[in-house]
Amino acid sequence: MHIRPRLLSLAGSILGDADEARDALQEAFCKLWGRRESISSVQQAEGLSMVTVRNVCIDNLRRRNTAFIDRDASSLKDIEETHDENDEKTELLNAVERLIATKLTERQRQILYMRDKAGAEISEIADEFDISEANVRMILSRARKTVRDCYLDLNRKQ
């Protein structure tokens with residue numbers, strides 16, 4: 001335990017992260033514990049500890065680099081899938097915008113736009129249209145329900 005600070009410093013210099021260094025040190029101690037019967041002197045224990053910590057740190061770095069390589073290889077698949085998902089999201093957004101344009105009244109469209117796109121507060125919308133906040137909430141709720149129901153009907157038909 002008296003060389004623990006030196007071992008922690010070694011692990012930290014190799015890994016560059018204090019938490020990973022502590023984890024590596026713990027892992028090294030676990031490996032050394034199994035060999036405790038074969039260690040005969042303090043010098044041998046210190047040397048073996050330094051080598052074990054260094055090797056554990058190098059193994060952790062290799063695992064980390066392998067994970068990056070695996071992630072890079074899989075990221076090409078992710079890009080293709082993301083492109084397909086973006087097409088689907090764009091198609092969904094266009095369908096919802098068409099429903100809003102065709103199924104809602106002008107007032108519902110304006111209130112929905114102010115709240116959802118412009119991020120206006122309920123009180124601001126109420127002041128703009130000279131109606132109560134409860135009425136704004138009701139109009140928003142009905143507009144969203146209309147769009148949701150129409151969208152679900154559209155999907156059922158397809």
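Which residue forms a salt bridge with Glu-106, and how far apart are the closest N and O atoms? Select Glu-106 and Arg-109: these two form the salt bridge, with the closest N and O atoms 2.7 Å apart. The term salt bridge here means a side-chain nitrogen of Lys or Arg within 4 Å of a carboxyl oxygen of Asp or Glu.

Before moving on, a word about the model: it is predicted, so local features need pLDDT of at least 70 and side-chain atom pairs count only at pLDDT 80 or more, while totals for chains, interfaces and linings use all residues. Residues are numbered from 1 along each chain as its sequence is written, and side-chain values use heavy atoms, leaving out hydrogens and water.

**Stop 1: helix H4**

Glu-106 and Arg-109 both sit in helix H4, three residues apart, about one turn of the helix. Helices are DSSP runs (H or I, at least four residues), numbered from the N terminus. Glu-106 is partly exposed at 45% relative accessible area, and Arg-109 is partly exposed at 24%. For these labels, buried means under 20% relative accessible area, exposed over 50%, and partly exposed in between (1.4 Å probe, protein chains only).

**Stop 2: from H4 to H6**

Now select Asp-116 and Arg-144, a salt bridge whose closest N and O atoms are 2.6 Å apart. Asp-116 belongs to helix H4 and Arg-144 to helix H6, so the pair ties together parts that are 28 residues apart in sequence.

**Stop 3: the nonpolar core**

Next, show Leu-104, Ile-111, Ile-125, Ile-131, Val-136 and Leu-140, the residues with the most contacts inside the largest nonpolar core, which has 14 residues. Helix H4 (106-117), H5 and helix H6 (133-157) each supply at least two residues of this core, and the largest share, five residues, comes from H6. Such a core is a set of buried Ala, Val, Leu, Ile, Met, Phe, Trp, Tyr and Cys residues joined through side-chain atoms within 4.5 Å.

**Stop 4: a charged patch**

Select Glu-121, Glu-124, Asp-127, Glu-128 and Asp-130, which form a patch of negative charge on the surface. Patch residues have over 30% relative accessible area and no salt bridge, with like charges joined within 9 Å. Asp-127 lies in helix H5 (residues 122-129) and counts as exposed at 64% relative accessibility.

**Stop 5: helix H2**

Finally, pick Arg-22 and Asp-19, a salt bridge with its closest N and O atoms 2.3 Å apart. Both residues lie in helix H2 (residues 18-33).

Terms used:
Patches are made of residues with over 30% relative accessible area and no salt bridge: like charges are joined within 9 Å, nonpolar side chains (Val, Leu, Ile, Met, Phe, Trp, Tyr) within 5 Å. Accessible areas come from the Shrake-Rupley method with a 1.4 Å probe; for residues, only the protein chains shown count as cover. Lys and Arg count as positive and Asp and Glu as negative; His and the chain ends are not counted. The place of a charge is taken as NZ of Lys, CZ of Arg, CG of Asp or CD of Glu.
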